[in-house]
Amino acid sequence: MEGMESLVDGYFSHIMNECRSDHGGAVADYIPELSAVDPNGYALSLCVHDGHTYSHGDTATAFTIQSVSKPLTYAMALQKHGAVAVDAKIGVEPSGEAFNEISVDDRRRPKNPMINAGAIFAASMLLPPMDTVDEAAVAAAFAEVLEFYSGCAGRRLTMDEDVYASESATGSRNRAIAYMLDSFGALETSPDAALDLYYRQCSIRVTTDDLAGIGATIANGGVNPRTGRSVFSGETAQRLLSVMTTCGMYDGAGDWVTTVGLPAKSGVGGGILAVLPGQLGIGVYSPRLDEHGNSVRGVQVCRSLSKDLGLHMFNVTRESRVTIRSVYDLSDTSVGAEWSERERSYLRTCRDTIRVYELQGDLTFAGAESVHRRLEADMNQYTVVIVEISRIGVIDAVARTMVLSMKRRLDQTGRRAMLVDPDGVVRASVDRHRNDTALPDLDAPQELQGFDPALPHVHSTMGDAITDAETFLLKHYYDR
Ligand code: DON
């Protein structure tokens, strides 16, 4: 069993393959460094609440973060000045316009921090005032930016010097934006210094593992799940999720919220960062872009993930993360009286190979993922696994598929899976799925490739499950 690809990994490989042949869009070509990247580069990472990361494809490929930097610098401005001071300068209204539109609201504030005007303004708020700002001050501010971004990713990041040089040399449009803001008297520092800091932040190199870690940090209220360090406050995280939802995908934002439903940010380097609040972060890389500047395959992958795994944020209505309530084996309990003396003494030697996992809460992808991973990781420690779900409220189709997929895996290795389901939650969910072919089950994946669900032995009481487990172990005994 060890070394075998997990079922969750199998599913991600499938999603990658399904979208692989989509070669639509074009690599950004406004600077030579971006037009020179391999257009077929392709990677997907997903980081869950405890920092565990699923990595697929070219996850060693580093690319520039570009506009995915915008929420992070906005977070720094919020942490430094507080929301009231930042709101006085940068709006939070979706612009419905392209990322580099020269647009401000009727108070002459950039409409939001996700378009260039707002992002350049946010960068300016990290710098000292006009009269003292110089090259050293920009370098010092950038050191803080790099430190902050690294804290979000959970590892030390670096900047791509060539991209930075090209960005500074070609940015007429961004200069126009910064000087327009300056002409309103809104900037408190020099427009050139703000631009310099903005170009540097855009040139930071990341991988999809980094983006997934940054996403998981935002999902986790500012605490990086890989390092356990708090990088920004819960209020800041809430603010980022809000502006990413309404403005993150630019003029494609409405379509994105409808079809994917995850707060997200894209960059012209080909990266997309998406977040399921409270649960996980996703990083995708594929450098061919659509007309909005969003990665074509990246959007495709996110759509599939969201649809298949039920990740749309409005699909998750209740707490769905704390799912393993307790784990124990049966070594401390007494053996059933129905067995003969010989059978009982045999069972005493192997009762610790019967393991019980008690689950609680609502079970959706994130919860099922952690249960699944735990069951796989512990596999050497049990022969019979009893999953007790009496405290499960709702179990969605994805979670059901994932939990039930353990059965065949265990069968293959001579183990046994049992379910204690007093209220028949799983049974009802399976039956509804089987019988209602006329009624589309909205939360059911059409097909969750790679998973192979089968109903394990279902019992309505723990006592019945234990007797069945003992019967199974005794069969081993007599078969020897
Ligand atoms: O400001 C620019 O033009 C770039 N350095 C970053 C833009 C970007 O990533 C837009 N997002 N899709």
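Leaving aside neighbours within four places in sequence, Tyr 250 is in contact with Ser 67, Lys 70, Glu 97, Phe 99, Met 114, Lys 265, Ser 266, His 292 and Asn 294. The model behind this briefing is predicted. Tyr 250 is buried, because its relative accessibility is 6%, under the 20% cut-off.

**Binding site in the record**

- An unreviewed UniProt entry places the feature "binding site" at Ser 67, Asn 116, Glu 167, Asn 174, Tyr 198, Tyr 250 and Val 268.
- Of these residues, Ser 67, Asn 116, Glu 167, Asn 174, Tyr 198 and Val 268 are included in the lining of the largest pocket.
- Tyr 250 sits in the loop between helix 11 (234-247) and helix 12 (253-259).
- Ser 67 is in the loop between strand 4 (63-64) and helix 3 (70-81).
- Ser 67 has a relative accessible area of 6%, so this residue counts as buried.
- Residues up to four places away in sequence aside, Ser 67 touches Tyr 198, Tyr 250, Lys 265, Ser 266 and Gly 267.
- Tyr 198 and Tyr 250, two of these contacts, also carry the "binding site" feature in the UniProt entry.

- Five strands form an open sheet in the order 3-2-9-8-7, and their pairing is antiparallel.
- Strand 3 (53-57) and strand 7 (264-266) are the edge strands, each pairing on one side only.
- On average, neighbouring strands of this sheet are turned by 10° against each other, direction ignored.
- Helix 10 (residues 208-219) packs on the sheet and touches strand 2 (43-48), strand 3, strand 8 and strand 9.
- The direction of helix 10 makes about 150° with that of strand 9.
- Strand 8 (residues 271-276) pairs with strand 9 (residues 280-285) in the antiparallel sense, over six bridges.
- Leu 273 has Gly 283, in strand 9, as its bridge partner.
- Strand 2 and strand 3 run antiparallel and are joined by five bridges.
- Cys 47 has Thr 53, in strand 3, as its bridge partner.

**Cysteines**

- How many disulfides are there? The count comes to zero.
- A disulfide is a covalent bond between the sulfur atoms of two cysteines.
- The cut-off for a sulfur pair is 2.5 Å.
- Cys 152 is buried, with a relative accessible area of 0%.
- For Cys 302, the closest cysteine sulfur is in Cys 19, at 9.4 Å, so this pair is also too far apart for a bond.
- Cys 302 is buried, with a relative accessible area of 1%.

**Val 356**

- Val 356 lies in strand 12 (residues 354-363).
- Is Val 356 buried or exposed? Val 356 counts as buried, because its relative accessibility is 0%.
- Neighbours within four places in sequence aside, Val 356 is in contact with Ser 326, Val 327, Tyr 328, Leu 330, Ile 386, Glu 388 and Met 462.
- Val 356 and Arg 226 are 130 residues apart in sequence, and their C-alpha atoms are 28 Å apart in space.

Definitions and conventions:
Residues numbered from 1 in each chain as written. Predicted model: local features only at pLDDT ≥ 70, side-chain atom pairs only at ≥ 80, totals over all residues. Heavy atoms only, no water. UniProt positions renumbered as here; feature names shortened; annotations may be inferred. 1 Å grid on protein atoms, 1.4 Å probe; cavity = no way out; pocket = protein on both sides within 12 Å on 5 of 7 lines; lining within 4 Å. Helix = DSSP H or I, 4+ residues; strand = E, 2+ residues; numbered from the N terminus. Buried < 20%, exposed > 50% of the residue type's maximum accessible area, 1.4 Å probe, protein only. Contact = heavy atoms within 4.5 Å. Pairing = 2+ DSSP bridges. Axes fitted to C-alpha atoms, helices over the stretch in contact; angles between N-to-C directions.
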